[in-house]
Amino acid sequence: MENTDLAQALAEMADLLELSGGNAFKVRAYRQAAELIDTHPVPVAQLLAAGTLEDLPGIGAHIRQHLADLLAHGSFPELDAVRGQVPEGLLEVLRVEGVGPKTALAAWKGLGITTVDGLEAACRDGALAGLPRMGAAKARNIQKAIERYRGRRGRVLLHRALPVAEALVRHLAKVKGVEQAEAAGSLRRRKETVGDLDLVVAAKDAAPVMAAFRTAPDLVSVEASGPTRATGRLRSGLQVDVRVVEPDVFGAALHYFTGSKAHNIAVRTRAMKAGLKLSEYGLFDARGKRLAGRTEEDVYRAVGLPWIPPELREAQGELEAAERGRLPDLVELDDLRGDLHVHTRASSDAKSTLDEVAGEARALGLAYVAITDHTRSRPLGLDDAALAAHAKAIRAADAKRHGGPRLLAGAEVDILGDGSLDIADEVLDGLDLVVASVHQRLNDAREVMTARMVKAARSGHVHVLGHPSNRQLGTRDASDFDLEQVIAAAKPKHVALEVNAQPDRLDLTDQACRLAKAEGVPVVISSDAHHAGQLENLRYGVWVARRGWLEKKDVLNTLPLEKLRARLAH
DNA sequence: GCCGTTTTCGGCCCGACTGTTTTCAGTCG
């Protein structure tokens with residue numbers, strides 16, 4: 001069992017306890033331990049062996065024992081016991097946004113509902129609305145949330161799919177005779193969510209690869225299996241397609257299975273116009289002679305194009321740009337010099353200390369980090385005086401550090417309902433960096449939300465608009481606002497827009513990045529880390545930026561600190 | 001269940017928002 005699986009078991013324990021009316025603090029203890037483990041870089045098995053597991057904050061003797069039991073037999077007694085008390089389907093009901101333990105419990109005890117389907121029926125026929133403290137509006141909202149929930153089922157967030165795909169690729173790459181193995185599909189294009197995994201393997205003899213696939217870790221069923229291709233399903237529910245090809249045509253196959261479909265059609269049409277034929281088996285001339293296939297570069301070259309990065313392959317103008325030699329020189333993770341949105345334990349529910357954040361940033365080679373804790377409108381947020389004191393503490397810590405990163409005193413302030421900020425101007429003006437974000441009244445009407453953001457952008461006290469759309473992938477739709485108006489307001493004030501790299505936000509979107517670039521408004525790629533380990537999430541933000549055609553020059557935190565300061569000045 | 005200690009029990013984040021109510025319960029972050 002890996003950390004993710006262990007975390008899932010603890011999270012399930014938390015959900016079940018909550019549904020069986022357990023102590024709320026106990027529930028939280030399990031949930032916090034689950035979150036900690038899910039993002040912890042070292043395998044729990046290793047910590048357990050070293051005897052240092054209980055050093056982690058939030059892991060005590062009981063949970064340590066539970067983890068040991070999980071590693072030994074996949075479960076622990078308390079989990080088994082509570083599983084027997086609550087219908088299994090009720091856990092899924094909790095996944096619906098707006099449905100918490102109380103609602104789920106009331107639906108179960110009051111109406112015998114134990115599934116999402118049952119809940120939906122009860123929303124429709126009015127049974128749910130008849131329960132105490134329920135009503136028509138509530139039922140309507142839950143029904144809508146169920147639709148959203150269904151919409152996201154089947155697609156997995158990139159950060160969940162990526163390690164799974166990488167593990168499968170490693171597994172197949174080890175097979176004797178395999179020359180190359182790679183994950184293709186939307187995962188390779190770094191789309192924010194992934195529907196299934198497409199693995200392409202180059203080997204002269206396919207049989208050993210297929211045999212190895214059938215014994216791949218986490219594979220629960222094989223739904224189709226022929227001599228060179230197979231389809232299976234993983235424990236997570238994700239479908240995996242494997243295709244084995246001759247090494248001579250690996251490039252053509254990789255190109256074909258990477259897509260997108262629209263991009264493939266565009267390239268194939270281009271080949272046809274030149275009298276050529278393109279398929280996953282290579283590029284052929286009219287007489288059927290293979291002209292290219294070993295690498296993607298060969299394939300593109302044979303149709304008169306430079307290699308196009310997978311993130312751009314969406315038939316959104318990349319062929320035309322390639323033809324004219326105008327492909328963007330896409331930003332890379334190594335280009336980032338700093339992170340401008342990081343939380344610490346000083347406020348909010350973040351977990352790490354200033355030192356831990358600085359240590360992690362250093363390990364990642366970052367030259368600067370802006371500490372941007374929440375302000376007074378958030379639970380535990382800092383008020384004017386506390387923020388000023390916090391800034392002083394950050395600067396003191398910065399002065400004491402040797403060898404980087406530099407620590408910038410910042411804040412993530414709230415954009416209030418009327419578009420004003422929740423911290424006094426003179427306090428904000430004493431900071432190095434101000435991120436302004438909407439955290440409340442996310443469903444304001446389009447004009448109202450646009451006006452709030454425009455006012456914040458024009459305030460003269462803000463450097464970055466944080467997670468501008470407020471979406472959360474699979475659970476919360478983006479707020480309704482006019483991005484173009486916000487961009488237009490940001491530009492003269494030198495306010496940058498954030499690509500929030502939290503894997504379930506990725507906000508701005510790729511398309512919004514492209515719009516910002518077209519209007520000449522810079523972007524910053526920020527982790528919004530609530531735990532030092534989450535600084536690594538910056539890579540997800542980089543991929544969004546790449547999908548949005550952004551180059552190094554479009555991203556402000558690729559600048560050295562002094563140049564960044566100059567660009568952010570008002 | 002964890003943690004810290006006034007060191008083995010008592011506290012553990014709390015405010016905004018929504019929809020239900022007419023003062024508040026549930027959910028979320």
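1. Threonine 228 is partly exposed in this predicted model, with a relative accessibility of 35%. The residue sits in the loop that runs between strand E5 (219-225) and strand E6 (229-234). Beyond its neighbours within four places in sequence, threonine 228 makes contact with Ala206, Met210, Val242, Arg243 and Val244. Tyrosine 281 is 53 residues away from threonine 228 in sequence, and their C-alpha atoms are 13 Å apart in space.

2. Glutamate 280 also belongs to a loop, the one between strand E8 (277-279) and strand E9 (282-284). Is glutamate 280 buried or exposed? Its relative accessible area is 14%, so glutamate 280 is buried, the cut-off for that class being under 20%. With neighbours up to four places away in sequence set aside, the contacts of glutamate 280 are Arg243, Val249, Ala252, Ala253, Tyr256 and Phe257.

3. Two aromatic pairs turn up in a search of the whole structure. One is made by tyrosine 256 and phenylalanine 257, whose ring centres are 5.0 Å apart and whose planes stand at 90°, so the pair is edge-to-face; the angle required for that label is over 60 degrees. Tyrosine 256 is partly exposed at 32% relative accessible area, whereas phenylalanine 257 counts as buried at 18%.

4. Which residues lie nearest its centre? They are Asp198, Tyr256, Phe257, Lys261 and Asn264, out of a lining of 19 residues. Tyr256 and Phe257, the partners of the edge-to-face pair at 5.0 Å, are therefore among the residues nearest the centre of this pocket.

5. Several elements give two or more residues to the lining of the second largest pocket: helix H11 (185-188), strand E4 (196-203), strand E7 (239-245), helix H13 (250-258) and helix H14 (261-273). H14 gives the most, with four residues. By residue class, the lining of this pocket divides into eight charged, six polar and five nonpolar residues.

6. The largest nonpolar core comprises 96 residues, and Leu187, Leu197, Leu465 and Ile525 have the most contacts inside it. Helix H10 (residues 158-173) supplies the largest share of this core, seven residues. A separate core has 49 residues, including Ala33, Ile59, Val86 and Ile142.

7. What does leucine 197 touch, not counting residues up to four places away in sequence? Its contacts are Ala161, Val164, Ala165, Leu168, Leu187, Leu234, Leu238, Gln239, Val240 and Asp241. Leu187, which leucine 197 touches, is another of the residues with the most contacts inside the largest nonpolar core.

Terms used
Residues numbered from 1 in each chain as written. Chains lettered and ligands numbered in written order. Predicted model: local features only at pLDDT ≥ 70, side-chain atom pairs only at ≥ 80, totals over all residues. Heavy atoms only, no water. 1 Å grid on protein atoms, 1.4 Å probe; cavity = no way out; pocket = protein on both sides within 12 Å on 5 of 7 lines; lining within 4 Å. Nonpolar A, V, L, I, M, F, W, Y, C, P; charged D, E, K, R; others polar. Core = buried A, V, L, I, M, F, W, Y, C linked by side-chain atoms within 4.5 Å. Buried < 20%, exposed > 50% of the residue type's maximum accessible area, 1.4 Å probe, protein only. Contact = heavy atoms within 4.5 Å. Phe/Tyr/Trp six-rings, centres within 6.5 Å; stacked < 30°, edge-to-face > 60°.
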